[in-house]
Structure formats: C-alpha cells, structure tokens
4 protein chains.
Amino acid sequence: MPTLKESVYDILDYDPECGLVEKIVTIGLIILIITNVIAVILQTEPGIGTEYATFFNVFEVFSVGIFTIEYLLRLWSITVDLRYREPVRGRLRFMVTPFALIDVLAVLPFYVPFFLPVDLRTLRLFRLLRVLRLFKTGRYSQAFDIFIRVFRNKQAELLVTVAVALVLLIISSSLMYSVEHDVQPDKFPSIIGTMWWAMATLTTIGYGDVTPITPLGKLLSGCIAVLGIALFGLPAGIFASGFMEEIQRKTQHPVICPHCGKLIDEQNRERET
Amino acid sequence: MPTLKESVYDILDYDPECGLVEKIVTIGLIILIITNVIAVILQTEPGIGTEYATFFNVFEVFSVGIFTIEYLLRLWSITVDLRYREPVRGRLRFMVTPFALIDVLAVLPFYVPFFLPVDLRTLRLFRLLRVLRLFKTGRYSQAFDIFIRVFRNKQAELLVTVAVALVLLIISSSLMYSVEHDVQPDKFPSIIGTMWWAMATLTTIGYGDVTPITPLGKLLSGCIAVLGIALFGLPAGIFASGFMEEIQRKTQHPVICPHCGKLIDEQNRERET
Amino acid sequence: MPTLKESVYDILDYDPECGLVEKIVTIGLIILIITNVIAVILQTEPGIGTEYATFFNVFEVFSVGIFTIEYLLRLWSITVDLRYREPVRGRLRFMVTPFALIDVLAVLPFYVPFFLPVDLRTLRLFRLLRVLRLFKTGRYSQAFDIFIRVFRNKQAELLVTVAVALVLLIISSSLMYSVEHDVQPDKFPSIIGTMWWAMATLTTIGYGDVTPITPLGKLLSGCIAVLGIALFGLPAGIFASGFMEEIQRKTQHPVICPHCGKLIDEQNRERET
Amino acid sequence: MPTLKESVYDILDYDPECGLVEKIVTIGLIILIITNVIAVILQTEPGIGTEYATFFNVFEVFSVGIFTIEYLLRLWSITVDLRYREPVRGRLRFMVTPFALIDVLAVLPFYVPFFLPVDLRTLRLFRLLRVLRLFKTGRYSQAFDIFIRVFRNKQAELLVTVAVALVLLIISSSLMYSVEHDVQPDKFPSIIGTMWWAMATLTTIGYGDVTPITPLGKLLSGCIAVLGIALFGLPAGIFASGFMEEIQRKTQHPVICPHCGKLIDEQNRERET
C-alpha cells in the first residue's frame with residue numbers, strides 16, 4: 001500500500017494511465033490555469049477590469065492559494081522520485097528545474113508586497129507562464145516532447161542562426177545608418193535606432209514606419225532583405241532535418257552482416273548522436 | 001446488370017476509369033460549382049449585383065435545386081457503399097462526413113428562411129465550400145491525397161505548433177500591453193486589443209497600423225519577431241519531414257532479388273508507421 | 001569533316017567542352033542579351049530615355065537583327081539534332097519548345113508594326129525573357145537543371161498548393177467582405193476588391209493600406225494569417241523533399257540480397273518514380 | 001621545446017584543448033572585439049558620441065594598435081602552418097584568406113588618412129566585421145562549421161536561387177512599370193525605381209509605401225507575391241536538404257559486425273559526394 005507521500009506524488013505527477021482522483025486533480029488544475037489566463041487577459045479590458053475588480057481579486061487570492069499548496073505538496077512529495085531522492089539536495093535540484101521555477105514565479109509576485117514595499121502588479125503576468133504546463137499533460141504531450149527533443153538536438157545550430165542574425169543586424173544597421181542618417185535623421189537617429197528598421201527588414205515584417213529614401217539606401221535594403229530570406233530558410237531547414245532525424249531514429253531497423261549473415265542489432269547506431 | 005440504385009451511386013461516385021454518363025455528370029457538377037463561385041463573387045460587384053439581380057436569383061434557385069437533388073440521390077444510393085450499408089445508421093454516418101456536411105451547408109441557408117424568419121444571406125457563402133469537392137475529382141486528386149495524408153500524419157505536430165503560437169501570442173501581447181499601454185493607450189488598449197499587433201508581428205505580416213514607440217517596446221518587438229521566424233520554420237520543417245515520409249513509404253516496396261528470384265521481405269519497414 | 005549545317009548547329013548549341021568559336025559566339029550572345037536587358041531598363045529612366053533615344057533605337061535594330069539571324073540559323077540547323085530530324089515536322093516541333101517561343105517573342109514585337117497598325121512598344125519587354133537562356137549556358141546550368149527537375153517532379157504538389165491557396169483566397173475574401181464591407185465600404189468594396197487584402201495577408205506581405213477595424217474582422221484576419229503561415233510551409237516542405245529525392249537518386253547504392261548474397265543492381269529502383 | 005615563432009602561432013591559433021596563456025589571449029581579443037562593436041554603436045548615439053569623444057578616440061587608437069600587432073604577429077608566425085610554409089608566397093597566400101582580409105580592413109581606415117587626404121570615418125565600420133571571428137573560437141564553432149559546409153555544398157543551388165530572384169525582379173519591375181507608371185508616375189518612376197516595390201513584394205516585406213492602385217496592377221502584384229512565396233521556399237528547401245546531407249555524412253561510419261568482428265565496408269557510401 002502506498003504511503004501518503006507516494007499517493008500525493010502520484011496524484012500530482014500526471015501519467016496517461018492514471019486513476020480517477022489523479023485525472024480530476026489534473027483536469028481541475030488545467031481549468032484553473034486556463035481561467036487564470038482568461039482572468040489576466042480580461043482584467044485589462046476597459047469596462048470589465050474596474051467593474052469586476054473585487055471578483056478578480058478574490059479569484060487571484062484563490063488561485064494563488066491553490067498554486068501555493070500545489071507547489072508545496074510537489075516539493076514535499078518529490079523525494080519519491082528517484083532522481084530527487086535526497087531530502088535537501090534533491091529538493092533544491094528540483095526547485096531549479098524550469099517547471100518548478102515557473103511555479104514559483106507564478107505565485108511569488110503575490111507574496112512579495114507583504115514583505116517589501118514594491119508594486120509587482122505587472123509581474124502578475126508570470127502566472128501566464130503556467131500555461132506551458134498544459135503541454136506536459138495534454139493529449140499531445142508526446143508530439144510536444146518531439147519538439148523539445150528537436151530543439152535540444154538542434155540547439156547549437158539554432159543558436160548559431162541567432163548569432164548570425166545578430167551580426168547581420170549590427171552590420172546592416174551600421175551601414176544603413178551611415179547611408180540614411182543625413183537625409184532622415186529622425187528615422188535613422190543612431191545605429192541602435194536603425195536596428196528597429198533592420199529588424200523589421202531582416203524578419204520581412206516590414207511595418208513601413210521607417211523606410212530608406214535614398215537610392216543607395218534602397219539598394220542596400222534589397223540586399224539585406226535577400227539575406228533575410230536566407231536567414232528565414234535556416235531555421236526551416238534546421239527544423240526539417242531535426243524532424244527527419246526523429247523519424248529515422250524511430251524507424252531504424254537491424255542490419256544484416258553480409259560476411260556472416262547474422263543480424264546486427266542497433267547498438268552501432270548508438271554512436272550516432 | 002446493376003440496379004437503378006447502383007447506377008446512381010456509380011454516376012455520383014467519381015472514379016478515373018468511369019463511363020461517359022458519369023464523366024458528363026461529374027463535369028456538369030464541376031461547372032455548376034465553379035459558376036456558383038463566380039456568381040457569389042460577382043453579385044457583390046457594385047454595378048453587376050443590382051442590375052442582374054433577377055438573373056442571380058434564378059441561377060441560385062436552379063443551383064440549389066440541382067445541389068439538393070444531388071444530395072438526396074447521394075443519400076439514397078449511399079447504401080451501395082459497403083461502409084454505409086445499413087439503411088438508417090449507415091446513412092446517418094454518411095451525413096456527418098465532412099463532404100456531406102458541406103453539401104448540406106451549401107443548400108440549407110436557402111431553405112431555412114421559408115420556415116424561420118431569419119436573414120441568412122451571408123450564409124450563402126457556404127456554397128463556396130463546395131469548391132473543395134473539386135480536389136476529389138480533378139487530375140491532381142492523387143497529389144491532394146498526399147496533402148491530406150501529410151496533414152493527418154503530422155496533425156499532432158501541427159496542433160502543437162498552433163498551441164505554441166497561441167501561448168506566444170498571449171504572452172507577447174501581455175508583455176507588450178504592459179510596456180506600451182501607458183504611451184499609446186489607443187493602439188494597445190487591452191491585452192486582447194494588443195493581440196492584433198502581436199498577430200501581425202508573429203506572422204511577419206507587419207501591417208504597420210500599430211507599432212511600438214518606446215525603446216523597450218521595440219526591443220521586445222524584435223525578440224518576438226525572432227520567435228515568429230522560428231515559428232514559421234516549424235510548419236515548413238514539419239511538412240518537409242511529412243513529405244519525405246510519404247516518399248519513403250511509396251518507395252519501400254518489397255524488392256525481388258533478380259539472382260534467386262526470392263522476395264526480400266522488408267518486415268523491418270512495417271514498423272515505420 | 002562536319003558540313004556547314006553541322007558547324008552552325010555546334011556553334012549555336014552550347015556544351016561545356018566546346019571549341020573557341022563556339023565559346024566566343026556564346027559569350028557574345030550572352031553579352032548582347034545582358035546589354036539588351038540593361039538598355040530596356042535604362043530606357044525608362046527619366047533623363048536617359050529621351051536624350052539617348054537615337055542610340056537606343058539603333059541598338060534595338062542591331063539586337064533584333066542579330067537575334068533574328070540567330071533564330072533563323074537555329075531553325076535551319078536544328079535538323080542535325082536527331083530529335084528534330086524531319087525537315088518540316090521536326091522544325092515545327094522545335095518552334096513550339098519554350099526557348100524557341102521566347103526567341104520569337106523577343107523579335108516579333110519589332111516586326112509586327114510594319115504589317116499591322118498596332119503599337120507594341122510594351123511588348124518590347126518580351127526581350128527580357130531571353131535572359132532565361134543564360135541559365136542554359138552558365139557555369140551553374142547543372143544546378144539549374146536540378147531546379148527544373150524538382151519543379152517537374154513536384155509539379156502536381158505545387159499546383160495543388162496554388163489551388164489550395166486560391167480556394168483560401170476566395171473563401172477568406174468572401175468572409176472578410178461580409179464582415180468589413182458595411183464599416184469600410186471603400187476598402188472592402190466587393191469580394192474581388194477584398195482579394196487585394198486577402199492576398200497581402202495570406203502571403204504575409206501586409207502592405208497595410210487595407211486593414212480590418214472591427215473586432216470580428218481582426219479575429220478573422222488572425223485565423224487567415226495562421227493559414228497563410230501553413231501555406232508558406234507547404235512549398236518549403238515540398239522543395240525540401242524534392243531536393244532530398246534528387247540527392248537520394250544520385251546516391252542510391254546496390255543492395256545485397258540476404259538469400260543468395262549476390263548484388264542486386266539498381267533496376268528495382270527504376271519502379272520508384 | 002617550441003621556438004618563439006611556434007609559441008606565438010600556437011597562442012594566436014585557437015584550438016579547444018589549449019593552454020592557459022592561449023585561453024587568456026583568445027578571451028582578451030574576443031572582449032576587445034565586442035567592446036569595439038559596442039563602441040562603434042554607442043558613438044552614434046546623440047548624447048554619448050560627442051560627450052565622450054576623447055574616450056572613444058583613445059579607445060580606437062588602443063584597439064587599432066592591438067589589432068595591428070595581432071595581425072603582424074599572425075603574418076610573422078603563419079609560416080609555422082604547413083599550408084603557408086614558404087616565407088613570401090605562403091604569407092601572400094595567407095594575406096588573401098577571408099579572415100586575414102577582414103583583419104586588414106579593420107585597421108586600414110585608421111592609417112590611410114595619415115598618407116592620403118581622404119575622410120574614411122565611415123569605413124571605421126569595417127571593424128565590425130571582426131565580430132565574424134567570434135564564430136571561429138566560440139563553443140559553437142563546430143555548428144558554425146556545419147553552416148559553412150552546407151553553404152559551400154549548396155553554393156550552386158543558392159546562386160541559382162539568387163539569379164532566379166534577380167530575373168523575377170527585373171521582369172516583375174518591368175511589367176509593373178508599364179502597368180502603373182501612367183497612374184502613379186511618382187511611385188513607379190522607371191523600371192529601376194519600380195524595383196523598390198518589386199523587392200518589397202517578392203521578399204514579402206511589404207513596407208506599404210508603394211502599392212499598385214489599378215486592378216491590373218493588383219492582379220499582377222498577387223501573381224508576383226505567389227512567386228515570392230515559392231522563392232522563399234527554395235532556400236528553405238535547399239538548406240533542409242543540405243542539413244540532412246550533413247547528418248547522413250556524419251552517421252555513415254563503417255559498421256563493425258559484432259558477430260564476426262569484420263568491417264562492413266561502406267564503399268557504396270563513398271560515392272555520395
């Protein structure tokens with residue numbers, strides 16, 4: 001028979017083949033997260049925010065209360081998990097996992113003003129991050145795991161893409177600044193100010209609030225835009241190869257050795273990663 | 001000799017190696033669908049809509065009449081199809097297939113006003129959806145089937161992409177609202193109002209009617225735009241891997257060894273799906 | 001020893017391992033095509049076009065003359081090519097190939113006004129199409145051939161993408177028209193008029209000259225934009241799989257039959273296409 | 001024991017398993033490059049540039065000094081590298097490598113005004129290019145190498161894409177000019193002037209400062225936009241196949257059969273390049 005701690009751990013740790021209590025708790029938390037998102041959004045609506053202020057405050061206290069209890073129970077019961085077995089070090093290691101940090105960030109802004117005279121109303125937005133938890137429990141958590149794996153495998157390539165993009169941003173802003181600054185000093189005030197234009201051009205957003213007017217500026221803009229298209233192709237290409245790798249990993253089949261005719265099992269492939 | 005019901009079923013159910021009657025009926029229906037699309041579009045043209053009002057009305061009655069007869073004949077003869085064999089349950093199951101629902105939606109707005117005092121003129125647009133039927137009968141129906149299969153196989157990944165996009169939309173709107181609301185209360189009126197900007201930025205459309213003006217807002221905008229590019233890469237990567245899978249599936253047929261004539265059984269490949 | 005006709009054919013039909021005369025003729029024609037493109041472009045420049053009118057006219061007569069002679073020589077010598085062996089039918093079949101048609105279109109607008117009283121000045125632009133010929137003779141003609149093959153192999157998928165885009169365009173224009181027409185009758189005047197907005201949104205161009213202002217219109221716009229992103233991913237995915245196929249075709253290696261141990265050569269793969 | 005020249009070469013030539021001195025020099029140079037980038041950017045900020053002019057000038061002299069010494073030491077010690085062994089020819093060959101050219105460009109604009117009476121202040125921007133060196137020494141230099149390899153392998157395809165884009169740009173500008181010039185002579189002044197619009201449309205940037213107003217111009221714009229989407233898909237597809245090829249190359253190592261211990265020779269794979 002499981003101890004109380006084990007039961008709490010089982011209830012909070014969602015897995016697809018779980019019991020009824022677990023399902024109700026999971027679904028209840030999901031509903032609470034979603035209603036929190038809706039509440040944070042609606043609170044900013046001109047009419048609604050002020051009129052139902054009391055309701056939103058009560059709901060906030062209630063939500064933060066539930067989230068706090070959930071977090072403390074998770075922290076208490078996590079030692080059941082073998083990875084976080086040790087009472088102190090295990091719990092500390094659990095506390096710095098991304099999802100545990102999000103859970104703290106979701107409730108902390110509510111408590112801080114009691115101790116420190118700071119206004120943390122905008123940090124209320126951190127509660128929105130809890131919505132990420134939905135990906136862990138939903139029907140599509142397996143597909144989401146593929147995303148996480150692809151992102152992790154292609155981390156270096158994606159970071160290099162971001163770095164290349166940053167270098168392109170700096171160089172194109174500098175060039176455009178030196179070409180357009182004299183003609184439009186208000187729109188291209190400095191290299192940093194020109195980055196707004198460079199960002200809109202490299203990402204092909206093109207808001208149109210800042211555009212070059214000199215022929216040289218336009219020519220430069222065209223060249224930068226072409227580099228922007230290439231930049232667009234990089235993540236698409238990286239993701240494509242990442243997803244293909246995932247599919248191949250799943251489908252790799254045994255190879256038959258032509259020398260002895262025996263089956264070579266998959267351990268050779270282990271070296272691939 | 002086929003019964004009348006079987007003949008009707010054969011005529012309405014297009015397949016590439018069909019007889020002359022079937023071809024004429026199929027082409028006739030395609031022409032009717034396309035002329036309907038053209039009629040719905042032209043009816044909104046300032047000059048044309050009012051001048052030829054009578055013609056458009058007559059054509060609508062005629063089209064709806066044909067589409068109604070077609071739908072009823074389909075419903076009557078569908079029991080020939082083994083999947084919908086049972087007279088009542090089979091027909092009900094057929095009625096909820098996507099294409100049968102589109103066929104009802106295409107004619108229903110015409111009949112409802114006779115029974116209920118509602119104006120359903122805008123619902124006339126549902127007739128446009130019948131144009132989707134063209135993909136089933138055209139020369140490229142095979143290529144379209146690949147699309148459907150890729151979409152179905154990659155459904156979970158595509159839904160997760162949409163979910164990630166939605167989360168990004170909510171979080172970036174909330175952040176941008178808290179940064180820009182005080183400076184431009186008319187353009188960033190609430191979180192929901194800011195979503196218009198966030199949508200235009202994440203999709204890299206960039207209409208330019210709403211743009212941040214504070215330095216922090218511009219910086220945030222740049223970061224969101226970069227996430228938007230990554231988001232763009234995801235469906236491209238997913239489709240690329242989906243199309244590759246389709247190609248691999250098609251090309252992995254059992255190979256016959258020309259030396260010994262035996263089949264090289266590809267049982268390893270069976271595991272792929 | 002080659003006959004005159006064979007020599008002419010060899011000189012005009014570029015291949016990488018050709019003699020000096022062939023190289024000079026090819027390079028001469030390439031230079032003439034490029035200077036023609038530059039001339040057509042410069043002729044529209046405010047200052048240049050009128051001032052150097054005589055020069056441009058002389059250059060046009062000269063270019064058209066050369067292009068005409070080249071076309072006639074090609075037509076005369078093409079019977080050397082085994083595919084177009086027959087004097088009459090072969091030449092007619094050659095005349096309807098894409099490149100031969102472009103060559104006629106490049107010179108025809110110059111001659112027609114002598115026979116018919118029509119102004120074909122804008123058709124002068126057809127000469128620009130000759131620039132496509134550069135892809136056939138350049139260093140990268142092999143890479144260009146891969147493009148042509150990928151486009152041809154993926155023709156059906158690309159056409160279905162265009163068809164899906166067209167259906168999306170019609171349906172989203174119709175929906176947006178019925179939502180925004182009453183509020184902005186000048187910007188969404190009719191379904192056809194709304195297509196301008198739908199095009200700018202689905203392709204994520206977002207000029208920003210026409211944007212919805214009603215909440216429902218904005219919501220709809222967001223949904224259409226998401227479909228636009230998916231639409232963007234389709235050609236990228238199709239091209240990715242097309243280029244991968246080309247690579248695989250090039251690298252397919254023999255399979256060893258596990259029953260008899262003998263090598264199975266590639267003819268089994270022939271069935272793949 | 002290494003000679004002085006060998007020590008200098010080792011210190012300047014970064015490799016991951018290097019000694020402490022090497023690490024300090026490398027990190028010092030990286031910090032100097034980054035602070036240079038920040039200085040060039042900040043110098044254009046309205047308040048900062050003039051107020052701290054003296055500081056920026058001193059810092060420029062200092063940086064150029066260090067970079068000059070670094071370059072001269074590199075040039076002196078490069079003969080240690082077997083590829084550049086010969087004292088004169090080897091050093092000249094080293095001087096024309098991309099990174100050596102960037103290093104000269106980074107310092108040259110500082111020295112030229114001492115000899116020639118030209119103002120090269122804008123060329124100061126060349127120092128920014130040194131930031132590219134970061135990719136060679138960082139943690140992700142391996143991922144960056146993959147990018148370089150993919151770009152090199154797919155060079156021909158990428159150049160053809162750029163060429164196709166250029167041809168599309170010329171043809172669509174010419175067509176749009178002849179359609180819209182008479183109605184909006186200020187926005188479509190000439191074919192070259194129309195290229196600004198064509199560039200913004202083909203890359204889907206869509207600044208919105210120039211848009212067609214005639215129905216024919218809008219129709220043409222739509223067709224060009226669709227070609228633009230296809231053009232976008234090309235680099236994405238090319239990169240995807242390029243990254244896939246890299247993965248395949250990496251994972252196709254000779255396999256050792258664990259049953260008989262023999263090498264399963266992958267000679268078929270050799271043919272891949």
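Guide: The structure holds 7 cavities of 30 Å³ or more. It is a predicted model, in which local features need pLDDT of at least 70 and side-chain atom pairs count only at pLDDT 80 or more, while totals for chains, interfaces and linings use all residues. Residues are numbered from 1 along each chain as its sequence is written, chains are lettered from A and ligands numbered from 1 in the order in which they are written, and side-chain values use heavy atoms, with hydrogens and water left out.

Visitor: How is a cavity found, and what volume does the largest cavity have?

Guide: Rolling a probe the size of a water molecule over the atoms shows where empty space is left. On a 1 Å grid over the protein atoms alone, a cavity is a set of points where a 1.4 Å probe fits but cannot get out. Grid points are joined across faces, edges and corners, and a volume is the space filled by probe spheres set on the points. Here the largest cavity has a volume of about 120 Å³.

Visitor: Which residues of H8(B) are buried?

Guide: An α-helix has 3.6 residues a turn, so residues three or four places apart point the same way. Buried means under 20% relative accessible area, exposed over 50%, and partly exposed in between (1.4 Å probe, protein chains only). In H8(B), the buried residues are Ser141(B), Ala143(B), Phe144(B), Ile146(B), Phe147(B) and Val150(B).

Visitor: Why does Lys154(B) count as buried, and what does Lys154(B) touch?

Guide: Lys154(B) counts as buried because its relative accessible area is 5%. This residue lies in the loop between H8 and helix H9 (155-180) of chain B. Leaving aside residues up to four places away in sequence, Lys154(B) touches Ile247(A), Ile238(B), Ser241(B), Gly242(B) and Glu245(B), where contact means heavy atoms within 4.5 Å.

Visitor: Is Val88(D) buried or exposed?

Guide: Val88(D) is exposed, with a relative accessible area of 57%. Its place is in the loop between helix H4 (53-77) and helix H5 (89-95) of chain D.

Terms used. Helix = DSSP H or I, 4+ residues; strand = E, 2+ residues; numbered from the N terminus. 1 Å grid on protein atoms, 1.4 Å probe; cavity = no way out; pocket = protein on both sides within 12 Å on 5 of 7 lines; lining within 4 Å.
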